[in-house]
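Q: Could you walk me through this one while I look at it? I'd like to go topic by topic.

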Amino acid sequence: MVLDDKLKKMLTQSRYIHSVNVAEYARHLSEIYGADKEKAYIAGMLHDCAKCLDNETMNYYIKKYDIKLDDYEKESRALAHSIIGGYIAKYEFKIDDEEILNSIKYHTTGNENMTLLEKIIYIADLTEKDRDFNGIEELRYLVENKEMDKALLTSLNNTISLVIKRNHVIHPRTVNARNYLIYNAKK
Ligand SMILES: [Fe+2]
Ligand SMILES: [Fe+2]
């Protein structure tokens, strides 16, 4: 698989293994939720394609593709890698499916009114088989039992709490993603 060889060169071994895990879990979740399995697999494989780039290479791609990062993303590689990854997937891996590209761009922050694929990649990234943190079993239980929005809300709440504890800034998309799920649950 061409995608695979190219990706391996861009990632550390552990990041590559994580990407395969996310792809496989995303494909499994697609079966549960009736999403496109192939798209989920590709999005999972590519979601962290920009994660291991050094600053110089990141800047090279930002210039090359005229990537507009917001102030939060400019300050944080952890946020920037998702957006830049969306462009690398498009232009370097020739992925033209907007749904795949958006699920890569928003896999770190979440987004308001996420598509099913965006939700699957977000949650698969957090709960793939090698992940381990307090509360992961609850998340996996929810997501395996068709409670995707509850799983998402729980993990967004966890993320926001953690970011507050560490006194870091919260990306507005994360807040919007959470608020949207709460409003939607009330409808
Ligand atoms: Fe990531
Ligand atoms: Fe990831």
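Q: Which residues are linked with Lys39 in a network of salt bridges?
A: Lys39 is linked with Asp97 and Glu99 in a network of salt bridges, where a salt bridge is a side-chain nitrogen of Lys or Arg within 4 Å of a carboxyl oxygen of Asp or Glu. Please keep in mind that this is a predicted model, in which local features need pLDDT of at least 70 and side-chain atom pairs count only at pLDDT 80 or more, while totals for chains, interfaces and linings use all residues. Residues are numbered from 1 along each chain as its sequence is written, chains are lettered from A and ligands numbered from 1 in the order in which they are written, and side-chain values use heavy atoms, with hydrogens and water left out.

Q: OK, and where do Asp97 and Lys39 sit?
A: The side chains of Asp97 and Lys39 meet at 3.0 Å, N to O, and this pair links distant parts of the chain, with Asp97 in the loop between α6 and α7 and Lys39 in helix α3 (residues 37-46), 58 residues apart. Helices here are DSSP runs (H or I, at least four residues), numbered from the N terminus.

Q: What about Glu99 and Lys39, how far apart are the parts they tie together in sequence?
A: The Glu99 and Lys39 side chains meet in a salt bridge of 2.9 Å, N to O. Glu99 lies in helix α7 and Lys39 in helix α3, so the pair ties together parts that are 60 residues apart in sequence.

Q: How many salt bridges does the count come to?
A: The count comes to 13 by this rule. Among them is the one in which the side chains of Asp66 and Lys68 meet at 2.7 Å, N to O, and Lys68 is exposed, with a relative accessible area of 63%.

Q: Switching to the metals, what coordinates the iron ion (ligand 1)?
A: The iron ion (ligand 1) is coordinated by Asp48 (OD), His81 (NE2) and His107 (NE2), at 2.0 to 2.1 Å. Donors are N, O and S atoms within 2.8 Å of the metal (3.2 Å for Na, K and Ca), and water is not among the atoms, so sites may look incomplete.

Q: What does Asp48 bridge?
A: Asp48 bridges the iron ion (ligand 1) and the iron ion (ligand 2), which lie 3.6 Å apart.

Q: New topic: at what angle do α8 and α9 pack?
A: Helix α8 (residues 116-127) and helix α9 (residues 136-144) pack at an angle of about 145 degrees, with their axes 10 Å apart. Axes are lines fitted to C-alpha atoms, for helices over the stretch in contact, and angles run from 0 to 180 degrees between N-to-C directions.

Q: Which residues make that contact?
A: Ile123, Leu126 and Thr127 of α8 make the contact with Ile136, Leu139, Arg140 and Val143 of α9, contact meaning heavy atoms within 4.5 Å.

Terms used
Helix = DSSP H or I, 4+ residues; strand = E, 2+ residues; numbered from the N terminus. Buried < 20%, exposed > 50% of the residue type's maximum accessible area, 1.4 Å probe, protein only.
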